[in-house]
Amino acid sequence: MEASKTNAAQTLENNLTNLVKRNSELESQMAKLIQICQQVEECDELVEIIRQRKQVIAVKIKESKVMKLRKLAQQIANCRQCLERSSALITQAEHSLKENDHARFLQTARNVAERVAMATASSQVLIPDVNLNEAFDTFALDFSREKKILEGLDYLTAPNPPSIREELCTASHDTITVHWTSEDEFSVTSYELQYTIYTGQANFISLYNSVDSWMIVPNIKQNHYTVHGLQSGTRYVFFVKAINQAGSRNSEPARLKTNSQPFKLDPKTAHKKLRLSNDCLTMEKDESSLKKSHTPERFSGTGSYGAAGNVFIDSGCHYWEVLLGASTWYAVGVAYKSAPKNEWSGKNSSSWVFSRCNNNFMVRHNGKEMLVEASPQLRRLGVLLDYDNNGLSFYDAMNSQHLHTFDISFLLPVAPTFMIWNKSVMILSGLPVPDFVDCPEQQEGMCRQQESPYVSGMKGCQ
């Protein structure tokens with residue numbers, strides 16, 4: 001009966017979820033339909049603006065026509081007056097030419113000459129005041145720009161979703177460069193990159209809706225972008241949005257991960273009988289090593305020939321490797337800052353290590369040891385610190401073989417720690433997590449070995 005009620009409740013919840021999702025889709029479609037209607041209204045508004053401008057321009061043309069006709073009539077009247085005055089002078093001149101009396105002829109000719117001289121000097125009698133340039137050459141309409149704009153009007157749609165090319169994306173310990181492609185590259189005005197830390201949620205829609213946790217990079221003009229200031233060894237979810245005037249569409253999500261935190265050996269922590277290389281990546285047992293000043297951070301106990309990395313890690317998933325060379329006696333792991341420096345790592349509750357003592361391989365924590373099967377030819381030890389998922393794993397990196405995983409409820413930041421009793425080892429840090437040991441997905445189904453009490457027969461390594 002209870003099972004039936006539970007199933008009915010689950011079915012009802014699923015139906016409600018589907019209804020909410022369907023309602024959201026309908027609302028989205030309605031919004032798009034409203035947008036199309038708004039675009040039609042905008043076209044009508046544009047036509048109305050053109051009609052109104054036509055009326056305004058027509059009125060201006062009519063007013064200009066009246067003004068020009070008035071000026072033209074005035075010019076014609078002036079020319080007519082000039083012609084009439086000129087005709088009068090010509091008539092007087094003709095009468096003078098017919099005069100037979102010499103004295104009267106000279107007098108009449110003198111009068112005509114004086115009138116012509118006066119008219120020429122004043123430029124108002126013989127020369128008409130005609131100026132058409134100012135009235136008829138200053139008014140013109142240029143529609144070339146408007147014609148090009150109107151011819152360029154088109155029905156624009158939102159661009160197709162871009163595609164993130166994960167095979168082209170690159171990462172360092174604090175940056176990720178995202179590459180993408182778009183089928184509508186020429187219609188895209190800009191891109192927007194959104195990203196957030198991946199929290200393991202399988203439903204990307206619900207993750208996307210939690211907008212408060214998303215970082216947004218707007219107005220990207222290229223099809224790639226480098227994000228800086230990221231957490232090392234951390235997986236992020238990325239979306240790319242293609243945008244134009246019609247709208248925008250998102251890419252499918254891509255999960256990309258920064259590389260592990262790089263580090264070196266910290267000289268301040270190295271035992272006085274260890275010699276570090278100049279690049280602080282190699283440590284070697286050296287009984288003749290120069291004396292070092294004592295500091296609280298330095299490994300100092302008899303036989304505690306150790307050194308720590310120069311970082312403390314409190315988040316993310318980090319992977320490094322140790323090149324073991326010919327060393328047959330070493331311990332590699334992590335420790336809290338408070339771990340004692342005068343005893344072997346793993347002998348206390350603040351450190352966890354994988355160790356080799358001649359032909360025996362073991363893991364050690366809080367004074368408890370457990371034998372581990374490993375190849376005597378183990379030359380490259382992989383260490384995976386998955387701080388966020390409370391795991392510390394060890395691998396035979398050459399053979400892609402899992403050796404052991406500690407389940408640890410981390411309380412404090414931890415530092416990589418290393419001990420050797422013969423030969424030398426070399427550190428390779430800041431590495432990407434290899435394919436055979438990705439985290440956390442591939443480790444979720446991994447069978448983790450449990451610690452056991454101290455194993456007898458191991459006292460030869462004490």
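Trainee: What makes the contact between Arg275 and Glu284 a salt bridge?
Mentor: In this predicted model, the side chains of Arg275 and Glu284 meet at 3.0 Å, N to O. The cut-off is 4 Å between a side-chain nitrogen of Lys or Arg and a carboxyl oxygen of Asp or Glu, so the pair counts.

Trainee: What does Asp286 form with Arg275?
Mentor: Asp286 forms a salt bridge with Arg275, the closest N and O atoms being 3.2 Å apart. Asp286 lies in the loop between strands S11 and S12, and Arg275 in strand S10, so the pair ties together parts 11 residues apart in sequence.

Trainee: Why is Asp286 called buried?
Mentor: Its relative accessibility is 12%, and buried means under 20%, so the label holds. Asp266 is buried too, at 13%; the side chain of Asp266 meets that of Lys268 in a salt bridge of 3.3 Å, N to O. The whole structure has 8 salt bridges.

Trainee: Why are Cys169 and Cys280 counted as buried?
Mentor: Cys169 is at 15% relative accessibility and Cys280 at 16%. Buried means under 20%, so both qualify. The structure holds 0 disulfides.

Trainee: Which residues touch the most other members of the largest nonpolar core?
Mentor: Met283, Trp320, Phe354, Leu392 and Phe418 do, in a core of 46 residues. Strand S14 (residues 329–336) supplies the largest share, 5 residues. A second, separate core has 19 residues, including Ile164, Cys169, Val178 and Phe238.

Trainee: What does Leu392 touch?
Mentor: Leaving out residues up to four places away in sequence, Leu392 touches a set that includes Val334, Trp352, His404 and Phe406.

Trainee: Where is there a nonpolar patch on the surface?
Mentor: Leu12, Leu16 and Leu19 form one, with about 310 Å² of accessible area together. Leu16 is in helix H1 (residues 2–97).

How values were computed:
Residues are numbered from 1 along each chain as its sequence is written. This is a predicted model: local features need pLDDT of at least 70, side-chain atom pairs count only at pLDDT 80 or more; totals for chains, interfaces and linings use all residues. Side-chain values use heavy atoms; hydrogens and water are left out. Patches are made of residues with over 30% relative accessible area and no salt bridge: like charges are joined within 9 Å, nonpolar side chains (Val, Leu, Ile, Met, Phe, Trp, Tyr) within 5 Å. Accessible areas come from the Shrake-Rupley method with a 1.4 Å probe; for residues, only the protein chains shown count as cover. Helices (H or I, at least four residues) and strands (E, at least two) are DSSP runs, numbered from the N terminus. A nonpolar core is a set of buried Ala, Val, Leu, Ile, Met, Phe, Trp, Tyr and Cys residues joined through side-chain atoms within 4.5 Å. Buried means under 20% relative accessible area, exposed over 50%, partly exposed in between (1.4 Å probe, protein chains only). Contact means heavy atoms within 4.5 Å. A disulfide is a pair of cysteine sulfur atoms within 2.5 Å.
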